[in-house]
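Subject: Model for you to look at

Hi,

Here is the structure I promised. Please open it alongside this note.

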Amino acid sequence: MISETVLVLAGAFGERLDADRVASAIAAGLVAAGRLEVDLCPLEDRLDAPVANPSAALNEVDFDRRMLAARAMVLACAELSDHTLAGSVAFEATTRARQSGVPAYAVTAHDALDPFEARIVDLQAILRADSSRALRAAGSKLAALV
């Protein structure tokens, strides 16, 4: 049986939308649009900033078990670019998802990935959103995709 859980990893979208508000808005859209459950992965401000050991940050939150139990993973970062992904937890998470066969999707306010870079991280879809309302709508769209 395919899991009905979607794993959501969210970072802050500026000062107005902290990581919790971003995750909650996307989760609300996912839940309202379908019979999906949401697992909000608590990565706080470590998602899209370079960290010394991205692998250790994911291991702290039992990421692999959570990801493998999910139908899909949603990555929510204010900006997707080669600079924000390099050495980040977000890049490590998408790499693990790709290697495990778990489809990954992204929601971002600013997508600066070129097609080759997007292919490298193997994102199934990249949706743009920059407000709570747009994030919720993105969650609804994702519910139809996953």
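Below is what came out of the analysis, from the overall fold down to one residue.

This is a predicted model, in which local features need pLDDT of at least 70, side-chain atom pairs count only at pLDDT 80 or more, and totals for chains, interfaces and linings use all residues. Residues are numbered from 1 along each chain as its sequence is written, and side-chain values use heavy atoms, with hydrogens and water left out.

Overall fold

The protein has 7 helices and 5 strands. Both are DSSP runs, numbered from the N terminus: helices are H or I with at least four residues, strands are E with at least two. The order along the sequence is β-α-β-α-α-β-α-α-β-α-β-α. The C-alpha atoms fill a box of roughly 35 × 35 × 30 Å along the principal axes. Buried residues make up 46% of the 146. Buried means under 20% relative accessible area, exposed over 50%, partly exposed in between (1.4 Å probe, protein chains only). Take contacts (heavy atoms within 4.5 Å) between residues at least 6 apart in sequence: 74% join residues at least 24 apart.

Strand pairing

Strands count as paired if DSSP finds at least two bridges between them.
- β1 and β2 (residues 37-41) run parallel, joined by 5 bridges. V6 has V38 as its bridge partner in β2.
- β3 and β4 are parallel too, with 7 bridges. Here V74 stands opposite Y105 in β4.
- β4 and β5 (residues 123-128) share 4 bridges, again parallel. A106 stands opposite I126 in β5.

Two crossovers are right-handed. One goes from β4 through α6 to β5. The other is the β-α-β unit of β1, α1 (residues 19-33) and β2. Right-handed means that, with the strands pointing away from the viewer, the path from the first strand over the helix to the second runs clockwise.

Cores

A nonpolar core is a set of buried Ala, Val, Leu, Ile, Met, Phe, Trp, Tyr and Cys residues joined through side-chain atoms within 4.5 Å. The largest has 27 residues; L7, L9, L43, L47, F63, M73 and L80 touch the most other members. Elements giving two or more residues to this core include β1 (5-10), α3 (63-68), β3 (72-80) and β4 (104-111). A second, separate core holds 24 residues, among them V6, V8, I26 and L30. Leaving out residues up to four places away in sequence, L7 touches D39, C41, F63, R66, M67, A70, A72, M73 and V74.

Helix α5

α5 has 12 residues and reaches 16 Å from first C-alpha to last, close to the 16 Å expected. The expected span is 1.5 Å times one less than the number of residues. Its buried residues include V89, A90, A93 and A97. G101 follows α5, with a positive phi near 80°.

A closer look at A125

Where does A125 lie? A125 is in strand β5. A125 is buried, because its relative accessible area is 18%. Leaving aside neighbours within four places in sequence, A125 contacts A104, Y105, A106 and L145. N59 and A125 are 66 residues apart in sequence and 26 Å apart in space, C-alpha to C-alpha.

Best wishes
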